[in-house]
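Have the sequence and the 3D view at hand as you read.

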Amino acid sequence: MDGGKSVTTAMQAGKLPVERRGVISRRLSGILEPYLYVSPALILIIAVMLMPLVLGLSYAFRDIRILNPFSGGFVGTAHFQTLITDDAFLGALVNTAWWTFGSLLFQFTLGLILALLLNRDFLGRRLVQALVFLPWAVPTFLSGLNWAWMFNPVVGPLPHWFTALGLMETPFNILSDPDLAMWGPIVANIWFGIPFFAITLLAALQSIPKELYEAAAIDGATTRQQFISITLPFLAPTIAITLMLRTIWIANFADLIVVMTNGGPADSTQIVASYIFTQAFRRLDFGYASAIAAVLLVLLLAYALGVIALRRAMTHADS
Amino acid sequence: MASIEISNAVKSYGAVDVLHGIDLDIQDGEFIVLVGPSGCGKSTLLRMIAGLEDITSGAISIGGTVVNELQPKDRDIAMVFQSYALYPHMSVAENMSYALTLRKTAKEKIADAITNVAEILGLTALLERRPKALSGGQRQRVAMGRAIVRKPQAFLFDEPLSNLDARLREQMRTEIRKLHRRLGATSVYVTHDQIEAMTMADRIVAMHDGIIQQVGSPVEIYDRPANIFVASFIGSPAMNFLKGAYEIAQNDTTGIRLTDGSFVPVLPARGATANQTVTLGARPEHIALVPDGNGGIPARVELIEPMGLSTLVHVSLAGNPVKIFTLDRPDFAVDSFIHIAFDMEKVHVFDTQTELRLPPESEPHMARTA
Amino acid sequence: MNVSGNSPARKLVYWGSHYLMIGAFVVFALFPLYWLLKVSVTPNDILYTEGVRMWPSRTTWENYFFVLTQSNFPHYFLNSVIVAGTTAIVTTMVAAVTGYSFSRFAFRGKMIIVALMLITQMFPLVMLIAPIFKILAPLGLTDSLTGLIIVYTAFNVPFATFLMQSFFDGIPKDLEEAAMIDGNTRFQAFRRIILPLTLPGVAATLGFVFTAAWSELLFALMLVSSESASTFPVGLLSFVSKFSVDFGQMMAAGVLALIPACAFFLLIQRYLVQGLTAGAVKG
């Protein structure tokens, strides 16, 4: 009896501090807990992305040339004034639009078709899915080099195939033709980017309830009508967000161009992102490069906000 | 086991109050059912007892200790979820022993407890299975088992039967009830199903719009509903309501004059004044079919609904739909007129304005919650 | 109408064109990789003379042999494994807790943090090189693998967080509430109940980040100057400059470098689709 009693008191005594600790932590932890979870990411992003961004933006108003010891002073908006009259920059802007939307159109269309094909059950689907997603895992500069190699008539098969198809009179390297050069990196980019759209769209497709198609079929909808009235509306949110994200990524994505053409020939493949690279690391003019980057950032922000506003307007019109 | 006291508990999200000053004392070992339509705050109240929602103001204590500031894990309660919330990556045995393992209970003790509970619930053969390989009813049992194994201070149930089919639900109702008698554990059970409330509860707590409307035993709630809401929510088929004016006739008989001019005699209602607008409430079984020519109020037949044991006759009276319960097998033609009579002793008079019941003067005074 | 839609002839045409298109996609995806492989096994003396043949008349493992034994490549490879592996693990851990809090908590400032993460996706990263260098240099983190890991982690956290969040969104809240009532704190419930259930999502995120870090060239090139801290993409570039573009060896190194990234991706691509589906159902 006695022993049992002392055990219970000991247990109660042991229990008390636990409850005390609870008292202090509950309110506070209720408020602080989410921030605690977010803090590592937030610290990293602020330290490695936001602070450098602010620093980088400040460079846009300074004269920073690596090899010039007298540089470093404030130049106000001089860089931006130069920018307005910089033909190379204006050409790069046009090329960026061309590069971005050319890549995006094919990546998206082919990615959607691939997702639709993979959404059917067929023999060997798992293997096929693994294989067609593979290009996404290939390091971009390696695929750039490889594609440059394949476009070269000496060591690559592509020009010979184009000739056989009657697209070319004699095999030549499109990467050295100012009118066609942009197609080189675009094709490489399409190859690299299809899996991204296919993966996200396939995931969205698989989340559409099967009953909807059954109901539509019973209502007499043809396959095409089902696609338009069920598939597309369900995919719309995914399409909107992935298109926006990819637009921004591709516009910023200079690796393939730097590796394959380095902006040439005659600046015909120079996009803004690769122009920044050239200014910063070939001419070592960080001030001017930062000014260009700032303009690009503003343009992309404006684009993103425009898309979001458009989407909001459309969803409001729906409801 | 322990009692649970809730005093003036308030829950608000920003400026919106979802629970307004809840007061409720739950006795040690009692089976309490919180019932009400969805959005009435019953689940929120349960989750506040569990510690899954903060208490905006007021206090909740379990076994005499205020638990407002305690984490769910420190409240020593067990909960059965509507979705069962079984851990998909653990076997049945692991699911049931998880809480004990966390409390560093000795291995042999855990094994004993699991064997024992599995036997009670008929899960012995399923102990090594994953939840995925179980039927809905079996999952429900595992969820129960997980709660029972812990021997907690109190059990909380959040609509645990609503994902089962009707037959299984009926069976589990009885089983939970039997388990409760066996374990004698304080239980708080949330449901929107008034039949579950009626059949399972020691006391029912009827809730609406974040306010407790009435607390009482099932029979009390059924026979003496505090207001129109409780009267209409409890009971199936539901109570009939007819608007009219309270009348005191010359020979001191009291009654209600319906809008079509017919007169329904009722017991004198406490606090009712002549010509006051009132609502007559009559359960379907308290309306009788009167054979032709013997008085009663004429009503037009709209539908005959055979229920097996009984038949439900839908009629139209003074433009209102009225349902009548009968054990006979009436063969009225639709659109024919029949005569009906209200059981004067059993019908209720409600103040139309306040919606409160005006009890007969003969009924003893009782303390009313809410 | 519908009967003819199910006729054998139409079925044949349908599946015929289905497999034809699938075949075209597979060929398009694999042919460049095949070409890479072909060049890597072609002996140097016939590299140009047989440049456009589908398969060289003689093959050799010499390029692989050279890369593995005569070059610094194994060292670069090891560096890359360390950098990509650590980045993947750290990023996934950080993204898991952040994604979890996005999925489960409503808190002040959440929208600002989400917007901030979205905006980071718009940065022209080239522009950040100089400032990052300036910040890391005094800390001794330039020319070091640690510095690269920190930078890569920060770059990958936003997308990995959104990915993890979509996985968590697919898991019912009841589960951690049950665990909290069973005796866990919220963090324990997250670690012991929720995280094990998102293992496919964790795998997908790991693979995604690993391949991204494995391929990164720009920062690896700019933040690291010594041989000892170079990763394999930088090393691959060194084939271009040092050995007057020895393509055979470079392609051999490329094929070797592809193996871990592709193996990883082959394993996780299924979970990537599954996980995104689970998240999509709720969102």
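Two chains are in contact where heavy atoms lie within 4.5 Å. By that rule, 87 residues of chain C touch 85 residues of chain A. Before going further, please note that this is a predicted model, in which local features need pLDDT of at least 70, side-chain atom pairs count only at pLDDT 80 or more, and totals for chains, interfaces and linings use all residues. Residues are numbered from 1 along each chain as its sequence is written, chains are lettered from A and ligands numbered from 1 in the order in which they are written, and side-chain values use heavy atoms, with hydrogens and water left out.

Phe25(C), Met122(C) and Met127(C) provide 9% of the area that chain C buries against chain A, more than any other three residues. Sorted by class, the side of chain C that touches chain A holds 71 nonpolar, 12 polar and four charged residues. In this sorting, Ala, Val, Leu, Ile, Met, Phe, Trp, Tyr, Cys and Pro are nonpolar, Asp, Glu, Lys and Arg are charged, and the others, Gly among them, are polar.

How many salt bridges cross the interface of chain C and chain A? The rule finds zero, where a salt bridge is a side-chain nitrogen of Lys or Arg within 4 Å of a carboxyl oxygen of Asp or Glu. The same interface does have eight residue pairs in polar contact, both residues at pLDDT 80 or more. A polar contact is a pair of N or O atoms within 3.5 Å; within protein, one must be able to donate a hydrogen and the other to accept it, and residues adjacent in sequence count only if both atoms are side-chain atoms.

Chain C also carries a record annotation: an unreviewed UniProt entry marks "transmembrane region" at residues 12-37, 76-100, 112-133, 145-168, 189-211 and 252-273. UniProt positions follow the numbering used here, feature names are shortened, and annotations may be inferred rather than shown by experiment. Residues 12-37 of chain C are 100% helix and 0% strand, with end C-alpha atoms 36 Å apart. Residues 112-133 of chain C are 64% helix and 0% strand, and there the end C-alpha atoms are 27 Å apart.

On chain A, helix H11 (residues 272-281) is mostly covered, with 10 of its 10 residues buried. Among them are Tyr275(A), Phe277(A) and Gln279(A). Buried means under 20% relative accessible area, exposed over 50%, and partly exposed in between (1.4 Å probe, protein chains only). Helices (H or I, at least four residues) and strands (E, at least two) are DSSP runs, numbered from the N terminus.

**Salt bridges elsewhere**

Over all chains, the search finds 19 salt bridges. Here are three of them.

| Pair | N to O distance |
|---|---|
| Arg150(B) and Asp76(B) | 3.9 Å |
| Arg141(B) and Glu175(B) | 3.0 Å |
| Arg150(B) and Asp182(C) | 3.5 Å |

The last pair crosses between chains, from Arg150(B) in the loop between H4 and E7 of chain B to Asp182(C) in helix H8 (residues 174-182) of chain C. Arg150(B) is buried at 9% relative accessible area, and Asp182(C) is buried at 4%. Asp76(B) is partly exposed at 24%.

Arg141(B) lies in helix H4 of chain B and Glu175(B) in helix H5 (residues 166-183), so their pair ties together parts that are 34 residues apart in sequence. Arg141(B) is buried at 16%, while Glu175(B) is partly exposed at 22%.

**Backbone details in chain B**

Most residues other than glycine have a negative phi, and most peptide bonds are trans. Lys104(B), however, has a positive phi of about 60°. Lys104(B) sits in the loop between helix H2 (92-102) and helix H3 (107-121) and is exposed, at 74% relative accessible area. Asp209(B) also has a positive phi, near 55°, and is found in the loop between strand E9 (203-208) and strand E10 (211-216). The peptide bond from Ser236(B) to Pro237(B) is cis, with omega near 0°. Pro237(B) belongs to the loop between helix H8 (228-233) and strand E11 (240-248) of chain B.

Technical notes. Buried area is the accessible area (1.4 Å probe) that two parts lose on being put together, summed over both.
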